[in-house]
Amino acid sequence: MRREVELLRQRLIDLRDTGIEGGGHRPPRFVLARPILALLLAAGLLALPATSVAAPRRIVSLNLCGDQLALALAAPGTIVALSPFARDPRLSAAHAQAVQPQVATAEEALIVEADFVLVGPSDRLATRAMLAARGVPLLVVPHADTVEAAKRVILDTAERLGRPERGREIVAAIDAAVAEVQVAGPPLIVLPLERRGYASGPQSLIGDILRIAGYRHALPEAGIGALVPLERILLLKPDRLLVSEADDRGDDQGSALLRHPALAAIPRIRVPERLTVCPGPALADAIRVIGRR
């Protein structure tokens with residue numbers, strides 16, 4: 001099986017080279033048979049070619065978490081474009097730094113001559129296949145459901161961007177925030193509540209931060225998360241609700257539940273959503289905010 005995979009990989013590289021040589025001529029479209037594409041994706045071969053070791057100089061992110069990792073880790077002057085979410089102050093903890101042009105597609109990444117692209121695990125396979133077919137190295141930024149997993153993502157990304165020391169600095173800052181959290185007295189029961197009554201479970205990044213901060217999750221059986229109706233919230237009797245600043249305002253139907261009079265007496269921990277969406281430097285701030293008593 002490995003020999004077949006290696007042959008397919010070499011075929012992909014040969015086809016890529018054919019498309020970029022010959023006076024800059026490119027074929028109208030690169031077509032790869034579906035079975036071959038599926039095998040390459042499953043084998044993880046649509047990524048950095050084994051012979052490429054130089055740090056990237058023209059970085060593009062097509063993903064919110066990729067944006068924040070690139071802004072935190074990449075060498076100055078190497079980011080040429082970010083995703084359309086990069087400047088959203090509600091979602092991006094690095095929105096003030098995101099001055100680069102915004103792109104949303106593989107075609108746009110190719111136009112700006114990216115030599116490295118960050119994508120998300122849920123981004124379209126066609127996008128990833130097109131970039132890989134043109135020989136553009138990719139990094140798929142994985143989800144992180146624990147602080148330790150987030151630290152690994154940071155270190156791995158820093159390594160790929162040629163800045164391992166910067167990754168270690170950010171991880172050290174997160175470790176320092178964890179060390180600052182003071183757990184005193186019996187643990188408070190906390191329910192992290194989001195739009196339409198969704199609660200992030202204990203097997204989520206929010207849930208892991210609650211554990212680190214010495215709280216008890218109000219729904220220990222919820223796994224990664226669950227929808228919780230108003231009646232169930234009242235029966236759980238949490239000591240605190242953890243809410244984002246935006247949801248707590250109750251500006252629309254999705255967040256109206258949090259404005260219900262029956263929940264008004266429950267104290268709240270307010271943490272901006274942008275601090276907990278992605279692995280990155282903002283996690284240190286999230287840990288400090290959630291860890292306050």
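Reader: What covers the buried residues of helix 11?

Author: In this predicted model, helix 11 spans residues 282-291, and eight of its 10 residues are buried. Among these buried residues are Leu-283, Ile-287 and Ile-290. Their cover includes strand 9, strand 10 (268-270), helix 6 (147-160), helix 7 (164-180) and helix 8.

Reader: Which residues does the disulfide join?

Author: A search of the whole structure finds one disulfide. Its two sulfur atoms lie 2.0 Å apart, and the cysteines it joins are Cys-65 and Cys-278.

Reader: How many residues apart in sequence are the parts that this pair ties together?

Author: Cys-65 belongs to helix 3, whereas Cys-278 sits in the loop between strand 10 and helix 11. Both Cys-65 and Cys-278 are buried. The pair therefore ties together parts whose separation in sequence is 213 residues.

Reader: Which residues are the closest to the centre of the largest pocket?

Author: The largest pocket holds about 840 Å³ of space. Of the 35 residues that line it, the closest to its centre are Glu-194, Ser-200, Thr-276, Val-277 and Cys-278.

Reader: How many residues of the lining of the largest pocket are nonpolar, polar and charged?

Author: Helix 3 (64-73), strand 6 (198-200), helix 8 (205-212) and strand 9 (240-243) each contribute at least two residues to this lining. By type, the lining residues divide into seven charged, nine polar and 19 nonpolar.

Conventions
Residues numbered from 1 in each chain as written. Predicted model: local features only at pLDDT ≥ 70, side-chain atom pairs only at ≥ 80, totals over all residues. Heavy atoms only, no water. 1 Å grid on protein atoms, 1.4 Å probe; cavity = no way out; pocket = protein on both sides within 12 Å on 5 of 7 lines; lining within 4 Å. Points joined across faces, edges and corners; volume = space filled by probe spheres on them. Helix = DSSP H or I, 4+ residues; strand = E, 2+ residues; numbered from the N terminus. Nonpolar A, V, L, I, M, F, W, Y, C, P; charged D, E, K, R; others polar. Buried < 20%, exposed > 50% of the residue type's maximum accessible area, 1.4 Å probe, protein only. Contact = heavy atoms within 4.5 Å. Disulfide = S-S within 2.5 Å.
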